[in-house]
Amino acid sequence: MRPIGLVCWIAIVLGMFGAGHRFVPTPAAAAEPPAGDAGSSVRSTTMEFELLADDKPAGKMAYRVMEVQDKVVLQVRFEIARRDKQAGFDSLIVYRTGERPLPERATASTRLGTFKLMEGEAVFVPAAEGGGLVAQLDVKGFADRDQKPFDAPRELKKEIPVPAGLVLSAPAFLYFGPRLLDGPGRVENVVHLEVPDDIDFPAFLNFKTDCVLTRGEWDDQGRSEIVLAQRFPGDNYRPLAKMVVDREGRIVAGTLGKFTLRPATPEQAPAAIEPRP
């Protein structure tokens with residue numbers, strides 16, 4: 001059973017930052033808790049990135065982290081130009097923190113222009129047999145990527161086994177990467193979770209297995225690169241996500257898939273992790 005307090009708190013978050021609202025951080029607000037949370041266990045951090053493709057502006061991404069007790073809520077708004085229209089998604093994923101982070105719940109909605117294409121939820125629960133997790137999906141589709149509405153909403157309800165390993169979505173990579181590897185090193189048996197997998201129904205959730213998380217040495221500018229890559233036969237690797245952090249713990253550059261991430265301004269690059277001594 002999910003804790004009622006956390007569920008209510010997440011509902012408030014969804015109401016504040018749901019579809020139709022755009023959150024843009026200010027440098028002063030980026031590392032401060034939300035109003036009314038002073039002295040509580042809630043900590044909120046927000047940053048905004050420009051998205052580049054082939055060194056050309058392609059869109060924007062807003063990324064918010066909310067920490068409360070043993071949970072972290074990772075929220076993303078992603079927007080790009082597609083077929084002369086704005087395409088994008090809003091996603092929220094809740095992780096239980098600890099030595100081995102675990103996803104608990106994810107929601108997402110996708111859009112193209114003014115059309116909502118898909119929305120859904122995945123709840124991660126222990127499997128009935130064999131250990132591990134399963135993802136319980138409840139997804140609805142409203143229109144296809146050509147913006148043709150369905151006669152009636154299409155539904156997908158099913159359980160999907162979660163591959164064994166450390167499960168990291170792209171937002172989770174940005175948050176947990178520096179925490180799992182606070183210096184040069186390597187983590188094997190990582191599973192890359194994609195929510196959503198694409199903008200159209202039923203591509204809500206996907207897993208990429210046999211991934212590795214690595215962190216390199218500090219360079220002469222005091223920066224270190226963290227990479228999430230998928231391994232293929234022949235010991236070949238395809239990077240899925242990268243980020244460069246400085247000694248203050250700030251994300252100064254990165255990539256997600258084919259997109260390059262660039263902080264909107266240097267001042268809007270709050271720490272991904274507490275500064276190193």
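Me: What does the secondary structure come to?
Reply: This is a predicted model. The protein chain comprises two helices and 15 strands.

Me: How much of the chain is buried?
Reply: Of the 277 residues in the protein chain, 48% are buried. The accessible surface amounts to about 14000 Å², and carbon and sulfur atoms account for 52% of that area.

Me: Turning to electrostatics, how many salt bridges are there in the whole structure?
Reply: The search finds 18 salt bridges. One of them pairs Glu50 with Arg262, with the closest N and O atoms 2.6 Å apart. Glu50 belongs to strand β1 and Arg262 to strand β15, so the pair ties together parts 212 residues apart in sequence.

Me: And how accessible are Glu50 and Arg262?
Reply: Glu50 is partly exposed, at 29% relative accessible area. Arg262 is also partly exposed, with a value of 41%.

Me: Which residue does Lys71 pair with?
Reply: Lys71 forms a salt bridge with Glu104, where the closest N and O atoms are 2.8 Å apart. Lys71 is in strand β3 and Glu104 in strand β5, 33 residues apart.

Me: Are Lys71 and Glu104 buried or exposed?
Reply: Both Lys71 and Glu104 are buried.

Me: What about Asp90 and its salt bridge with Arg77?
Reply: Their N to O distance is 2.3 Å. The pair joins strand β4, which holds Asp90, to strand β3, which holds Arg77. Asp90 and Arg77 are both buried.

Me: Which residues make up the network of salt bridges?
Reply: The network links Lys60, Arg77, Glu79, Asp90 and Arg111.

Definitions and conventions: Residues are numbered from 1 along each chain as its sequence is written. This is a predicted model: local features need pLDDT of at least 70, side-chain atom pairs count only at pLDDT 80 or more; totals for chains, interfaces and linings use all residues. Side-chain values use heavy atoms; hydrogens and water are left out. Helices (H or I, at least four residues) and strands (E, at least two) are DSSP runs, numbered from the N terminus. Buried means under 20% relative accessible area, exposed over 50%, partly exposed in between (1.4 Å probe, protein chains only). Accessible areas come from the Shrake-Rupley method with a 1.4 Å probe; for residues, only the protein chains shown count as cover. A salt bridge is a side-chain nitrogen of Lys or Arg within 4 Å of a carboxyl oxygen of Asp or Glu.
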